[in-house]
Amino acid sequence: MLAWFLELKTFAGESPYVLPGRAVRFGARARIVSHSTLNVALNRLAVGARRFSPHDLRSTARSYLAELGVNVLVAERCLNHSLGGLVAIYDKHDYLDERRRALALWVSFIETVERGEAGGLITSVFGMAA
């Protein structure tokens, strides 16, 4: 993942942001991007697919973590979800090592998709071809 972010950073120019936008001035404050910028870019890329938002990327990751065999608690912690109820009260473990392993598995899967070798798993999770 670090390599991907470093590659993205090469396109950022002098900006301290990995994915900078054009600054928009509102009075004395400048906002780097509007709240809908990423949504618009994603929907332009997904021509012919249903509309989705950046939050759908979290849902997708969570679905694949389950398909990849990651424990429910670990997958939820990967998304920084609160575990709630008795789990939140009694289970104080941070699952850091488990999350690292799960996210390494996720990266490995993404790399497999990039190489065009993950069609079966994509079909099994979403019922569609890669």
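A residue is called buried when its relative accessible area is under 20%, exposed when this area is over 50%, and partly exposed in between. The model described here is predicted. Because Asp97 has a relative accessibility of 49%, Asp97 counts as partly exposed, whereas Arg100, at 53%, counts as exposed.

Side chains of opposite charge can pair when their charged atoms come close. In this model the count comes to 3 salt bridges, and they are set out below with the distance between nitrogen and oxygen.

| Salt bridge | N to O distance |
|---|---|
| Glu76 and Arg62 | 2.6 Å |
| Asp97 and Arg100 | 3.7 Å |
| Arg115 and Glu117 | 3.3 Å |

The salt bridge between Glu76 and Arg62, whose closest N and O atoms are 2.6 Å apart, links distant parts of the chain, since Glu76 belongs to helix α4 (residues 72-78) and Arg62 to helix α3 (residues 54-67), 14 residues apart. Arg62 is buried, with a relative accessible area of 17%.

Asp97 and Arg100 both lie in helix α6 (residues 96-114), and because they are 3 residues apart there, about one helical turn separates them. In the pair formed by Arg115 and Glu117, Glu117 is exposed, with a relative accessible area of 53%.

Apart from these charged pairs, Met1, Phe5, Leu8 and Phe11 make a nonpolar surface patch of about 430 Å². Among them, Leu8 is found in helix α1 (residues 2-9) and is partly exposed, with a relative accessible area of 32%.

Conventions: Residues numbered from 1 in each chain as written. Predicted model: local features only at pLDDT ≥ 70, side-chain atom pairs only at ≥ 80, totals over all residues. Heavy atoms only, no water. Patch = residues over 30% accessible without salt bridge, like charges linked within 9 Å, V, L, I, M, F, W, Y side chains within 5 Å. Areas by Shrake-Rupley, 256 points an atom, 1.4 Å probe, with all protein chains shown as cover. Salt bridge = Lys/Arg side-chain N within 4 Å of Asp/Glu carboxyl O. Helix = DSSP H or I, 4+ residues; strand = E, 2+ residues; numbered from the N terminus. Buried < 20%, exposed > 50% of the residue type's maximum accessible area, 1.4 Å probe, protein only.
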